[in-house]
Amino acid sequence: MSVSWRKGCVMSRHGTPGVRQSVLKERDPAWASEFEAMMEAYEKAGGRAEVLQGGRVGSAVISANQVLAVNQVDGVSIDAEEQEHGVRARITVAPGTKTEHPVHLCFGVVGEEGLQEIVSEFEIGEGADVGFLAHCTFPNAVRLRHVMDARVHVGANATMRYREAHYHGSEGGMEVLPTTYAVVEEGGRLETEFNLTEGRVGRMAIKFEVDVAARGVVELTAKAYGSGDDDIRVDEVVRLNGAGARGLIRTRAAVRDGAKSEVYTTMEGNAATAMGHMDCTEIVRGGAEARNVPVVVVRHDQARVTHEAAIGSVGKEELETLMARGLSEDEAVDIIIRGMLRG
Amino acid sequence: MDRALLEVRKVSVRRPGAEVLRNVDLTVGRGEIHALLGLNGSGKTSLALTLMGAAGYEPEEGRIWLDGEDITELSVTERARKGLTLAWQAPARFEGIPVADYLALGMDEPTLDRIEEALEAVALAPRAYLGRSVDSGLSGGERKRIELAAVHAMRPRLAILDEPDSGIDVLCLEDVISLVRRMADEGTSVLLITHRDEMTSVADKASLMCAGSVVSSGTPDQVRDYFARRCRPHADLLGSQPWGEGAGGAYERVVAEGVCDE
């Protein structure tokens with residue numbers, strides 16, 4: 001089933017425009033109940049349901065393989081097609097569009113088991129400026145897999161900011177496998193932030209590759225907090241192919257118990273005055289393990305790429321400074337980690 | 001006569017390669033501002049860390065009492081909960097912790113009014129700082145002021161301020177002096193570690209440290225006089241920090257050759 005919605009409509013898949021939950025409950029109790037469950041899950045992931053239902057911001061709500069609601073705003077088109085195990089979505093932002101509020105996306109599965117595959121394409125037109133706020137929520141995951149395959153094209157002088165927060169519940173039975181390939185055209189800008197800092201991680205493997213043209217800018221941030229036997233892996237590659245292109249890869253991870261965090265990042269400086277930097281901080285507690293493997297490649301004598309990494313325990317001075325305010329060691333570590341993941 | 005708030009008796013601390021404190025005696029009274037003076041490397045910061053219970057600064061000998069209670073074996077947290085705290089000389093940075101939250105950490109009942117008041121007391125405009133992170137985005141001077149504000153907001157019984165004037169320009173020295181006075185007026189005793197004469201003007205008492213020991217205590221004038229008449233910096237130590245690499249040797253020479261003429 002292919003569904004496409006127009007501006008300003010909050011709709012069910014049965015095509016009832018502009019109606020609120022209470023009315024929908026009467027017309028389609030199954031849909032309303034799924035929607036309500038997703039909104040509850042959305043809030044657990046840090047989202048604000050009233051914004052999603054407000055009708056003033058662009059949004060899409062996808063539960064398992066159902067497109068529950070879409071709201072479009074001027075210049076932002078969201079086409080979604082339900083698949084056997086997920087949804088295929090194409091999001092197009094018209095050239096020159098500047099959205100006042102970020103487009104809100106909600107993906108998730110309310111049940112305990114299953115597979116959700118999201119295939120998405122983002123086309124950001126020349127000179128556009130758009131933000132996305134995505135919440136991926138799997139609050140009851142016991143044996144669930146979420147696969148995302150995204151293609152992103154940021155047009156010349158366009159800006160795309162994409163922030164994604166996850167919530168996987170407390171069981172650790174989640175697998176999250178997002179793969180993204182992006183192209184940033186001349187003068188374009190792409191900023192992404194992936195956040196998985198509440199609840200358990202389960203297994204997470206992020207892959208992100210991006211090619212950046214002249215004067216383009218890319219900033220990739222990933223943050224995760226693992227416990228139990230959680231397994232975090234980040235693979236990111238930034239190729240600065242055009243003159244004056246700039247890149248930043250920033251990773252913040254904390255692991256405790258028997259959790260594992262592996263961060264593999266590559267930054268290539270392939271053109272004159274291209275500048276890149278990789279910055280990784282991982283905090284290890286108990287029997288956890290952290291690894292950072294930065295790869296620096298420079299193919300032009302006027303390019304420059306740097307990296308810095310700090311892996312290990314919380315610094316003694318930071319710890320004792322907070323303990324001198326009366327916090328216990330565990331409280332101090334928790335505040336330092338949460339600050340690092342928030343910062 | 002009231003019992004002293006802090007009493008330190010015969011405290012010695014050894015760090016790898018050197019004895020950094022030797023038979024230290026110190027008394028700080030209630031509501032007192034006590035200046036702790038001494039050259040670089042004389043042991044002032046080591047004493048501050050020992051009093052706070054920092055790891056690696058456990059006394060080999062001697063005892064420390066806070067309000068009559070022996071705190072020698074207590075952790076940093078336990079000492080803080082009993083009303084002792086320290087403003088570090090080079091305060092740590094914290095990514096992602098807003099100034100407002102940082103100040104609230106040590107307060108029993110944090111309120112925005114009290115947090116704003118603490119920032120104003122160190123001449124920082126609350127509106128400009130409340131939401132900023134206590135990270136590398138702050139200058140050294142700003143970070144020092146926020147540390148002082150955090151200690152002030154905590155309303156401790158005894159605040160150890162380790163060189164609160166360093167990294168703060170001379171024009172703003174009066175702000176720091178006012179803050180120290182205000183803390184004392186509000187009932188906090190202050191152990192004020194400083195190099196600057198201007199800072200000692202605020203103190204009720206003073207002690208002089210040399211080569212890991214307290215060699216003189218009295219009024220600030222008495223201690224300044226003692227320093228002027230009887231102490232001479234060792235040539236090898238001028239411009240150096242004995243606790244750095246190879247410090248052990250330098251320290252031993254100071255003791256052997258008598259930097260302070262006792």
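**Close-up views of a predicted two-chain model**

**Figure 1. Chain A as a whole, seen through its contacts, its secondary structure and its overall dimensions.** Among the contacts in chain A that link residues at least 6 apart in sequence, 77% are between residues at least 24 apart. The model shown here and in the views that follow is predicted. The secondary structure of chain A amounts to five helices and 20 strands, and its radius of gyration of 21 Å is close to the 20 Å that the globule rule gives for 343 residues, so chain A is as compact as a globular protein of that length. Taken along the principal axes, the C-alpha atoms of chain A fill a box of roughly 60 × 50 × 35 Å, and 48% of the 343 residues of chain A count as buried.

**Figure 2. The two domains of chain A and the contact between them.** Chain A is divided into domain 1, which covers residues 2-316, and domain 2, which covers residues 317-343. The centres of these two domains of chain A, taken over C-alpha atoms, are separated by 28 Å. Domain 1 of chain A brings eleven residues to the contact, and domain 2 of chain A brings nine residues. On the side of domain 1 of chain A that touches domain 2 of chain A, strand E14 (217-226), strand E16 (246-255) and strand E18 (275-284) of chain A each supply at least two residues. The residues of that side of domain 1 of chain A comprise four nonpolar, three polar and four charged.

**Figure 3. The hairpin of strands E2 and E3 in chain A.** Strand E2 (residues 59-63) of chain A runs antiparallel to E3(A), and five bridges join the two. E2(A) and E3(A) form a hairpin with two residues between them, and A:Ala64 in the turn has a positive phi of about 50°. In this pairing A:Ser63 stands opposite A:Gln66 in E3(A). Strand E3 (residues 66-71) of chain A is mostly covered, with five of its six residues buried. A:Val70 is found in strand E3 of chain A, and A:Val70 is buried because 24 other C-beta atoms lie within 10 Å, where the cut-off for a buried residue is 20 or more. Although A:Val70 and A:Ser59 are eleven residues apart along the chain, their C-alpha atoms are separated by 5.5 Å.

**Figure 4. Parallel pairing of strands E9, E11 and E13 in chain A.** Strand E9 (residues 143-154) and strand E11 (residues 174-184) of chain A run parallel and are joined by eleven bridges, with A:Val147 standing opposite A:Leu177 in E11(A). E11(A) is also joined to strand E13 (residues 203-212) of chain A, here by eight bridges and again in parallel.

**Figure 5. An antiparallel sheet in chain B.** Four strands of chain B form an open sheet in the order E2-E1-E4-E5, and the pairing is antiparallel. Strand E2 (18-28) and strand E5 (69-70) of chain B stand at the edges, each with a single partner strand, so one side of each is left without a neighbour in the sheet. Strand E1 (residues 6-15) of chain B pairs with E2(B) over seven bridges in the antiparallel sense, and B:Val11 stands opposite B:Val24 in E2(B).

Figure 6. Helix H1 (residues 44-52) of chain B is mostly covered, nine of its nine residues being buried; among them are B:Lys44, B:Leu47 and B:Met52. H1(B) is followed by B:Gly53, whose phi is positive, near 90°. The largest nonpolar core has 175 residues, and those with the most contacts inside it are B:Met52, B:Ala149 and B:Leu192. Domain 1 (2-316) and domain 2 (317-343) of chain A both give residues to this core, so the core lies between them. Leaving aside residues up to four places away in sequence, B:Met52 touches A:Ala324 in chain A, together with B:Val76, B:Arg79, B:Leu84, B:Leu86 and B:Ile160 in chain B.

**Figure 7. The side of chain B that touches chain A.** In this interface 22 residues of chain B are in contact with 21 residues of chain A. Helix H2 (76-81), strand E6 (84-87) and helix H6 (140-154) of chain B each supply at least two residues of the side of chain B that touches chain A, and H2(B) gives the most to that side, with four residues. The residues of this side of chain B divide into 14 nonpolar, five polar and three charged.

Technical notes
Residues are numbered from 1 along each chain as its sequence is written. Chains are lettered from A and ligands numbered from 1 in the order in which they are written. This is a predicted model: local features need pLDDT of at least 70, side-chain atom pairs count only at pLDDT 80 or more; totals for chains, interfaces and linings use all residues. A nonpolar core is a set of buried Ala, Val, Leu, Ile, Met, Phe, Trp, Tyr and Cys residues joined through C-beta atoms within 7 Å. A residue is buried if 20 or more other C-beta atoms lie within 10 Å of its own, exposed if 12 or fewer, and partly exposed in between; C-beta atoms are placed from the backbone. Domain bounds come from an automatic or database domain assignment. Two residues are in contact if their C-beta atoms, placed from the backbone, lie within 7 Å. Ala, Val, Leu, Ile, Met, Phe, Trp, Tyr, Cys and Pro count as nonpolar, Asp, Glu, Lys and Arg as charged, and the others, Gly among them, as polar. Two strands pair if DSSP finds at least two bridges between them. The radius of gyration is taken over C-alpha atoms; the globule rule is 2.2 Å times the number of residues to the power 0.38.
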